[in-house]
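Please read them with the coordinates open.

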Amino acid sequence: MSGGKEHVEIPYQTKFGMVINLDKCTGCGACMVACMAENNVPVRYDESDKLRSITWMRVYKLTNGKPFPETDVCWLPRPCMHCEGNPAHGFSPCVSVCPAVATDYSRQTGIVSQIYTRCFGCRYCMGACPYKARYFNWWDPKWPDGMKQYLSPDVSCRMRGIVEKCSFCFHRYQRAMDKSFYQASQGGREDTRLLEEEYQTACAQACPAGAITFGDLLNPEHTVYKLIHATYKDKAFRILEKTLGTRPKVYYVSSKDWVEAAADNHTKKVAKAAPGGH
Amino acid sequence: MDITARIPQSVSRIGDALTPRFLVDADKALWPKGCERAPLWMFGMWLGPWLFLAAWGGIAAILCWGLALNQTNMNDYYGFAIWIWADLAVIALGGGAFFSGFLRYVAGKDKLKNIINYAVLIGFICYSSALLILGIDVGQPLRGWFIFWHANVHSMLTEVAFCLTCYFIVLTIEYAPLVLENRQLDRVPLFHKISHNFHEIMAVFAATGAFLSFFHQGSLGGVAGVLFGRPFAYREHIFIWPYTFFLFTWSAAAYGPCFTLLCTRIIEGITGKRLVSNDVYHLLGKIAGWMILTYFIAKTWDTVYWAMNTAPERGFHWREFYSDNAFYGVWILVVELLLGGIVPALLLVFKKTRENMFWLTVAVVLGVIGVSVNRWAMVLQVMAAPVMPFDQWALYYPSWQEVATTLLPVAYGVILISLSYRYLPVFPQERELGAGKAS
């Protein structure tokens, strides 16, 4: 909460984030499918009700709102933004409100976690998230016949009545760190800092157009760092960052001015959602 | 309007004949001394529909617990819906208990002793209902204790849970002596001494209740006000508390007594008896009027400041929150601020209208509507309004299970008030003021 003493930030060890090139995104939805498969997201018989289906990664279809022939369309993948929070108080919108500390912010990774066994389903975090990136399990998790065989043993399935969201495939980070610690202990590497290819999210790997880049935003050797600090310096933007100050760790890039303008609220709207998103 | 007088004599005779004598005697022995009550069969018929409504709500609640919250029409946009509105509304309306208690025991408004029992009873019903609703609303009710065990001190909801629970305990302590004053229970020396001694120290509990209420009413406002990701709800802060913190406390103190007065008017209408003297109505009405008037000024200032500063700083013109959708329009502001704000305030502030029972009743009804609309806006409109520029309004209507569980507390409240009125000395002035039989 704001007011009181100024917030003092603890230094990060790593800060994982994404850069999504919207010029490359074709809206194919491969990132969504990969995410669901990787993270044991349950499937409903009818997935068309997007207000109740779980899509950690959701692809929005935006339009510039102009009539033909000036109509333009952009696909915008939206994972959890893993917000750092308002600089005045240092809390991301959801973490500060959870009454039972079932969601937490890690200064080790910059990832906003969700502790499934701690969540008791009050849904306050969902109300707090401006990106609508949090999902509630309205049903017991179910998969079509045979699909249970494909569930990942590294990711716990969530029970009904709790909230879940994108974790930046945190189990992959854990696996990579286990390996890194082991190798370091055996003298196989100098330190435990992860190389870019050692930890990648499922969506980044699945994107056929290479629109999603994932890595450590603080590591100059990682592509995301280079994209933000060199290639797209001053051009990468974040959704709602200018007005709400949520400091998301997902950056977007687009050559179209109206897309960048659509990332934040202005008294004059420049883009709106179009039917057909996933 | 005496209901008993409207029943044909032939029906009364049949009812009396069908009621076993021993039940009639046992029932009569429990009535407060010197007070008349409706025949037992009539009381049973009165309770019947409410028990049916409670059973319907109970079934819906069991469905929600057993089959999960997919029984509702809530969704990922509407994580908070009609239940949370009902929760906030009953807590605001139950605010009459803490504020009347504060006025009676701390501020020394002695006249209010004639309505304080009823205010406490209504508060008890409202707060127990709120806890019941929360018990149904959370996705994993068996983990409800996590909010205390793993408490996040930064969360307004944690503050709500602690203060709400503590205040419910205080209300139980305040209600308990009234139960022990039942004619038969009071004959037990131990119970008599307990209730007597509780009355002696009630000022301590009333002060504790007022303190706790200040925080939980406020933190309920804070629940919305701290949401910096939701520009419709977000408010600037004084220290760590958003403006809504103070507005919620203020409005509960202002409108809670309105609900107490409204419930008193209703029970007087149903029983056909005068249960509270006019001077009590006038005093509580006057206090509520000035509280609403000052609240109206503060709320108007808050709304204007939000519209001129808070919303634009976050990229919104205030009208965006009241347009481009099928339901939420400027009419909400009109109902909340004018119809439910300044109108009841003026009706209660001016002696002429305040002391006219018709206008007083109109004022308290409008007040109850006004605060309920405010809570609606701070819960459901917050959820409905889009924040991302390319997102859309999401409208929602409750499922029958939600409606039934929302009506469950209403039925429970009517039943508890009916039982309390029949068997407990809720209204100290009843014998002095009235004559005539009633239900």
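1. A nonpolar core is taken here as a set of buried Ala, Val, Leu, Ile, Met, Phe, Trp, Tyr and Cys residues joined through C-beta atoms within 7 Å. In this model, which is predicted, the largest such core has 212 residues, and Tyr255(B) and Val379(B) are those with the most contacts inside it. Helix H12 of chain B, residues 243-271, gives the most to this core, with 16 residues.

2. Setting aside residues up to four places away in sequence, Tyr255(B) touches Ala92(B), Leu93(B) and Gly95(B), then Ile292(B), and finally Gly367(B), Val368(B), Gly370(B) and Val371(B).

3. Helix H14 (residues 331-349) and helix H16 (residues 357-384), both of chain B, have axes that come within 8 Å and cross at roughly 150°, and the crossing of H14(B) with H16(B) is left-handed. Among the residues making this contact are Leu339(B), Gly340(B) and Gly341(B) of H14(B), and Gly367(B), Gly370(B) and Val371(B) of H16(B). By class, the residues of the contact comprise 15 nonpolar, five polar and one charged.

4. Where the two chains meet, chain A contributes 52 residues and chain B contributes 44 residues. On the side of chain A that touches chain B, the elements giving two or more residues are strand E2 (58-63), helix H2 (124-128), strand E6 (134-136), helix H6 (241-244) and strand E10 (272-273); H2(A) gives the most, with four residues. That side of chain A has 30 nonpolar, 13 polar and nine charged residues.

Terms used:
Residues are numbered from 1 along each chain as its sequence is written. Chains are lettered from A and ligands numbered from 1 in the order in which they are written. This is a predicted model: local features need pLDDT of at least 70, side-chain atom pairs count only at pLDDT 80 or more; totals for chains, interfaces and linings use all residues. Two residues are in contact if their C-beta atoms, placed from the backbone, lie within 7 Å. Ala, Val, Leu, Ile, Met, Phe, Trp, Tyr, Cys and Pro count as nonpolar, Asp, Glu, Lys and Arg as charged, and the others, Gly among them, as polar. A residue is buried if 20 or more other C-beta atoms lie within 10 Å of its own, exposed if 12 or fewer, and partly exposed in between; C-beta atoms are placed from the backbone. Axes are lines fitted to C-alpha atoms, for helices over the stretch in contact, and angles run from 0 to 180 degrees between N-to-C directions. A crossing is left-handed if the near helix is turned anticlockwise from the far one by less than a right angle, and right-handed if clockwise.
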